[in-house]
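My plan is to look up a few places and write down what turns up.

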Amino acid sequence: MTDVTCLDTSSATGNSEGQLTAPTIQYSVAMPNPESHLFEVTLRVQGWSEPVLDLKMPVWTPGSYLVREYARHLQDFSSQAGDQALPWRKKSKNHWQIDTDSVSDITVRYRIFANELTVRTNHLDSTHGYFNPAALCFFLPGFERNCYTVTVVPPQPEWRAVTTLPPVSGQNLTFAAADFDTLVDSPFEIGYHEVYEFEVMGKTHQLVVWGKGNLEPERAIRDIQKVIEVEAKMFGGLPYERYVFFLHLSGSGFGGLEHKECCTLNYPRFSFRAKEKYERFIQLVAHEFFHLWNVKRIRPKALEVFDYEQENYTPSLWFSEGTTSYYDLVIPFRAGIYGVKGFFQNLAKEITRLQTTPGRSVQPVSESSWDAWIKLYRRDANSDNSQISYYLKGEVVSFVLDLLIRARHGNERSLDDVMRLMWQQFGNANSSKNDDFELKSETEAKPAHLTSNGQLNSPSLTAEIGFTPEELQSAIESVAGIDLSDFFARYIDGTEELPYNQYLEPFGLQIWVDESEQTPRTGWTLGAENGREMVKFVEIGSPAQLAGIDAGDELLAIEGFRVNSEQAGERLKDYEPGDTIEVTVFHQDELRTCRVTLAPPRPGRYSIVPVEKPTATQKQNFTEWLGVPLSKL
């Protein structure tokens with residue numbers, strides 16, 4: 001880590017004489033009583049020359065597309081100059097305004113309640129303090145590009161602080177951010193934690209683990225190293241000098257949030273021994289690490305300059321998140337974490353999830369991206385009927401696009417080339433700083449740019465800029481070598497079913513649909529809740545919905561006999577499609593008996609399997625794609 005001295009600022013404003021001034025902005029974050037879950041924050045602004053100081057708190061943080069209203073956790077706000085209290089007022093939910101006439105040195109104090117252990121919020125207890133600056137710090141409008149410093153004041157001297165921000169020379173536990181974007185992109189972990197340092201490709205990496213569980217750090221680090229190497233090979237290098245994996249071991253949490261030089265992971269503490277759960281952890285690592293290219297540096301135009309006060313709309317999250325989700329399945333396979341069977345089992349699970357979600361026929365994935373702010377994180381009883389996740393649909397669309405490109409070019413091109421092209425055109429701001437940067441495919445060097453006639457040119461180095469939906473489509477088309485307007489209209493901007501077999505067939509594969517299910521269909525999803533058997537979801541147009549059963553009803557009996565969610569499936573096997581049964585529920589505390597006419601069962605599982613008699617060409621395509629014979633599947 002390189003020491004810095006925060007002297008210069010990159011923006012300034014004029015005073016009454018037109019002279020440029022730029023204040024120093026310093027945060028101190030203390031936690032004297034961590035059991036209270038209250039961070040005590042002090043903001044000092046020096047060199048101020050305006051009559052009013054505006055302070056605004058972000059309402060969201062990049063990477064998590066929901067207005068989370070971080071200001072709701074703020075309390076005990078005060079402002080002063082020396083011993084003099086300064087008048088202040090709230091202008092809106094996240095906007096404080098202080099009268100500062102003839103005052104140049106302002107101190108603001110407030111507390112932030114922090115008892116939500118997720119990757120995008122804050123958490124403080126007797127063992128650690130974790131905070132995301134977007135959820136803790138104000139920005140000064142007009143001074144977002146100024147340097148911001150943060151001093152950590154731990155409650156105990158043995159508490160350690162880790163962040164990706166560089167330390168300020170000569171100041172204990174003080175760190176500097178070049179601007180507010182960098183501050184927001186740099187979470188802090190303070191407290192009792194383990195730090196494991198390792199090296200990949202000459203770059204320093206740290207795994208910082210808070211919490212207890214059955215994680216085997218040495219094993220995890222070996223596999224994380226493999227993931228890093230595979231992704232670095234794909235993009236031709238690592239665009240940083242140091243990278244930190246923050247890992248919180250929690251009771252049942254799950255999630256990740258990407259940053260330019262780190263990521264935060266939340267994973268169930270005892271989920272590292274079982275093979276499937278451990279592989280899911282590595283997929284989470286692969287996903288967040290892939291984001292350091294895709295979305296942190298290759299990002300939609302709408303996210304080129306962050307507006308922290310409101311939603312930032314883009315239809316391209318299917319690529320930023322969905323394509324990343326596809327690669328979080330691909331990367332562990334390439335790293336040898338699981339084999340070809342595991343790779344296809346994971347793909348099949350995602351296809352099954354997509355094909356059993358009714359909302360896929362209602363909401364296009366581009367609309368799902370646009371509506372992330374109001375739908376994805378705000379699920380309700382009708383969500384599966386009316387929407388589709390841009391993670392899920394984007395992942396499956398990316399898989400199909402990969403197959404399309406590979407089939408057209410005999411595996412000489414792939415979705416990897418799209419990623420490299422997007423990296424060179426939109427994300428490669430630091431390439432000139434990396435002397436060893438060389439764009440490579442898995443087997444040979446490949447230039448990044450393709451001309452309109454499909455010829456490859458030498459890469460050019462560009463600044464980090466956002467892409468438009470049209471530029472994204474153009475990049476995919478240039479690698480595929482065809483016009484994809486119809487594909488985008490049908491499957492990205494439309495809701496047509498993906499023709500899986502059309503794209504799987506060149507590789508000797510097909511979709512197998514499990515039609516062995518014998519249970520007549522009701523269209524409900526059941527689950528236990530606080531000792532009661534509840535209807536969790538009702539598919540629109542299903543027998544249960546037509547009979548008047550709603551999500552939130554309590555299931556009591558079928559044909560007069562008590563039943564629970566585990567027994568209901570077996571009980572329904574006693575009937576045939578077309579039979580009408582009586583189902584007794586509590587509907588808003590009212591006892592109801594509904595007549596449900598059962599429908600034929602639907603497939604509940606999809607698999608990817610070899611065609612019956614693959615040709616030599618199909619076998620070759622498969623092997624060139626995945627490096628193993630088709631017979632291994």
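**Entry 1: the second largest pocket**

How much space lies in the second largest pocket? I looked it up, and the answer is about 1,100 Å³. Of the 40 residues that line this pocket, F254, R280, E350, R353 and Y391 are the closest to its centre.

I noted what I am working with. This is a predicted model, where local features need pLDDT of at least 70 and side-chain atom pairs count only at pLDDT 80 or more, while totals for chains, interfaces and linings use all residues. Residues are numbered from 1 along each chain as its sequence is written, and side-chain values use heavy atoms, with hydrogens and water left out.

I also wrote down the pocket terms. On a 1 Å grid over the protein atoms alone, a cavity is a set of points where a 1.4 Å probe fits but cannot get out, and a pocket is an open set with protein on both sides within 12 Å along at least five of seven lines; lining residues have an atom within 4 Å of a point. Grid points are joined across faces, edges and corners, and a volume is the space filled by probe spheres set on the points.

Next I asked which element gives the most to the lining of the second largest pocket. It is α3, with eight residues. The elements that each supply at least two residues of this lining are β20 (255-258), α3 (275-290), α4 (317-334), α5 (340-355) and α8 (390-408). Helices (H or I, at least four residues) and strands (E, at least two) are DSSP runs, numbered from the N terminus.

I sorted the lining by class as well: ten residues are nonpolar, 15 are polar and 15 are charged. Here Ala, Val, Leu, Ile, Met, Phe, Trp, Tyr, Cys and Pro count as nonpolar, Asp, Glu, Lys and Arg as charged, and the others, Gly among them, as polar.

**Entry 2: H287**

I stayed with helix α3, where H287 has its place. Is H287 buried or exposed? H287 is buried, because its relative accessible area is 6% (buried means under 20%, exposed over 50%, partly exposed in between, with a 1.4 Å probe and protein chains only).

Its side chain has two polar contacts on my list: one of 3.1 Å with the side chain of H291, and one of 2.9 Å with the side chain of D328. A polar contact is a pair of N or O atoms within 3.5 Å; within protein, one must be able to donate a hydrogen and the other to accept it, and residues adjacent in sequence count only if both atoms are side-chain atoms.

Leaving aside residues up to four places away in sequence, H287 touches E321, T324, S325, D328 and Y391 (contact means heavy atoms within 4.5 Å).

**Entry 3: strand β21**

Then I looked at its partners (two strands pair if DSSP finds at least two bridges between them). Strand β19 (residues 242-250) runs parallel to β21, joined by seven bridges, and L249 has Y267 as its bridge partner. β20 pairs with β21 in the antiparallel sense over four bridges, with L257 opposite T264. β20 and β21 form a hairpin with three residues between them.

**Entry 4: an open sheet**

I traced an open sheet of seven strands with mixed pairing, in the order β7-β6-β10-β4-β3-β13-β15. Its edge strands are β7 (84-85) and β15, each pairing on one side only. Inside the order, β3 (residues 24-30) and β13 (residues 148-153) pair in the parallel sense over six bridges, and S28 stands opposite T151.

T174 is in β15 (residues 174-177) and is buried, with a relative accessible area of 4%. Its side chain makes a 2.7 Å polar contact with the side chain of T151.

V41 lies in β4 (residues 38-46) and is buried too, at 1%. Among the residues V41 touches are Y27, S28 and L136.
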